[in-house]
Amino acid sequence: MEYLWLTIGWIIYFAMHSLLAIRQVKSYAFSHGVSAQRYRLAFNIIALITLLPILIISTNIQSDYALEPNKALKFSGLILAGYGVVLGKRAFKSYDTKAFLGLGPLKGEAVFKTDGLLRHVRHPLYSASILILAGYFLFDPKWNTLLSVSMLTLYFIVGSYFEERKLIREFGEKYMKYKQQTPMFIPKFWRRS
């Protein structure tokens with residue numbers, strides 16, 4: 001029953017997160033005087049606050065191990081998660097972090113970027129997040145961790161599909177060409193200079 005509640009919690013979180021990200025909801029907020037910066041800040045605060053109950057549910061589940069824990073697995077998890085953190089830090093160099101978090105103004109219209117890690121992978125922040133999640137599972141290989149990591153990874157994959165549809169509408173052929181040349185999640189550093 002605890003796994004069911006955890007699953008339901010993730011589904012509600014994903015639905016709410018997706019609802020707040022759609023254009024119609026943003027347009028409604030903007031038409032009622034909410035600035036893009038304030039909307040982004042509120043979005044991030046709501047995402048963080050609504051994530052806390054799910055994490056509490058997950059940590060309170062008395063779960064068996066999906067894999068037998070050992071030092072090699074834990075070490076591998078730390079290495080994978082550490083690489084994810086480094087990748088994420090590098091990925092943020094292509095973005096305005098303050099604007100991303102809602103702490104600074106958004107700079108005009110959207111700009112099509114292919115600098116930094118974006119030259120090698122279309123979704124570097126998702127890639128970094130997936131590595132961190134996989135590392136966390138290897139560090140704590142319990143069934144509740146596997147459930148949460150699997151659901152989050154699936155959400156990133158589905159979310160990237162919808163994000164790319166938006167980017168195709170926004171940038172057209174330019175994004176289509178980029179999409180054909182650049183992998184989605186697994187960077188190919190040897191392909192593009």
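This is a predicted model: local features need pLDDT of at least 70, side-chain atom pairs count only at pLDDT 80 or more; totals for chains, interfaces and linings use all residues.
Student: How many helices and how many strands does the secondary structure of the chain hold?

Tutor: From the N terminus on, the elements run α-α-α-α-α-α-α-α. The C-alpha trace spans about 50 × 45 × 25 Å along its principal axes. The secondary structure therefore comes to 8 helices and 0 strands.

Student: Which element gives the most residues to the largest nonpolar core?

Tutor: This core has 16 residues, and those touching the most other members are Leu6, Trp10, Tyr13, Phe14, Ile54, Leu133 and Leu152. The elements giving two or more residues to this core are α1 (2-21), α3 (36-60), α6 (124-139) and α7 (143-171). With 5 residues, the element that gives the most is α7.

Student: Which residues does Leu152 touch, not counting residues up to four places away in sequence?

Tutor: Leu152 is among the residues that touch the most other members of the largest nonpolar core. In general, nonpolar side chains tend to be buried together in soluble globular proteins. Leaving out residues up to four places away in sequence, Leu152 touches Trp10, Phe14 and Leu133.

Student: Which element gives the most residues to the nonpolar patch on the surface?

Tutor: The patch is formed by Met1, Leu4, Trp5, Ile8, Ile12 and Ile57, with about 620 Å² of accessible area together. Ile57 lies in helix α3, whereas Leu4 has its place in helix α1. With 4 residues, the element that gives the most to the patch is α1.

Student: Is Leu4 buried, exposed or partly exposed?

Tutor: Leu4 belongs to the nonpolar patch on the surface. Its relative accessible area is 44%. The class between 20% and 50% applies, so Leu4 is partly exposed.

Student: What is the length of the polar contact that joins the side chains of Ser63 and Tyr3?

Tutor: Ser63 is found in the loop between α3 and α4 (71-91). With a relative accessible area of 13%, Ser63 is buried, and Ser63 touches Tyr3, Lys142, Trp143 and Asn144, residues up to four places away in sequence not being counted. The polar contact between the side chains of Ser63 and Tyr3 is 2.9 Å.

Student: Is Ser94 buried or exposed?

Tutor: Ser94 has its place in the loop between α4 and α5 (97-101). Not counting residues up to four places away in sequence, Ser94 touches Lys113, Asp115, Gly116, Leu117 and Leu118. The relative accessible area of Ser94 is 3%, under the 20% limit, so Ser94 is buried.

Student: Which residues are in contact with Gln37, leaving aside its neighbours within four places in sequence?

Tutor: Gln37 lies in helix α3. It is partly exposed, with a relative accessible area of 28%. Leaving aside neighbours within four places in sequence, the residues in contact with Gln37 are Gly102, Leu103, Gly104, Pro105 and Leu106.

Student: What is the N to O distance in the salt bridge between the side chains of Glu164 and Arg122?

Tutor: Side chains of opposite charge can pair when their charged atoms come close. Both Glu164 and Arg122 are buried. The N to O distance of their salt bridge is 2.5 Å.

Student: Which residues are linked in a network of salt bridges?

Tutor: Glu164 also forms a salt bridge with Lys179, where the closest N and O atoms are 3.7 Å apart. Glu164 lies in helix α7 and Lys179 in helix α8 (residues 173-181), so this pair ties together parts that are 15 residues apart in sequence. Glu164 counts as buried at 2% relative accessibility, whereas Lys179 is partly exposed at 31%. The residues linked in the network are Arg122, Glu164 and Lys179.

Note on methods:
Residues are numbered from 1 along each chain as its sequence is written. Side-chain values use heavy atoms; hydrogens and water are left out. A nonpolar core is a set of buried Ala, Val, Leu, Ile, Met, Phe, Trp, Tyr and Cys residues joined through side-chain atoms within 4.5 Å. Buried means under 20% relative accessible area, exposed over 50%, partly exposed in between (1.4 Å probe, protein chains only). Contact means heavy atoms within 4.5 Å. Patches are made of residues with over 30% relative accessible area and no salt bridge: like charges are joined within 9 Å, nonpolar side chains (Val, Leu, Ile, Met, Phe, Trp, Tyr) within 5 Å. Accessible areas come from the Shrake-Rupley method with a 1.4 Å probe; for residues, only the protein chains shown count as cover. A salt bridge is a side-chain nitrogen of Lys or Arg within 4 Å of a carboxyl oxygen of Asp or Glu. A polar contact is a pair of N or O atoms within 3.5 Å; within protein, one must be able to donate a hydrogen and the other to accept it, and residues adjacent in sequence count only if both atoms are side-chain atoms.
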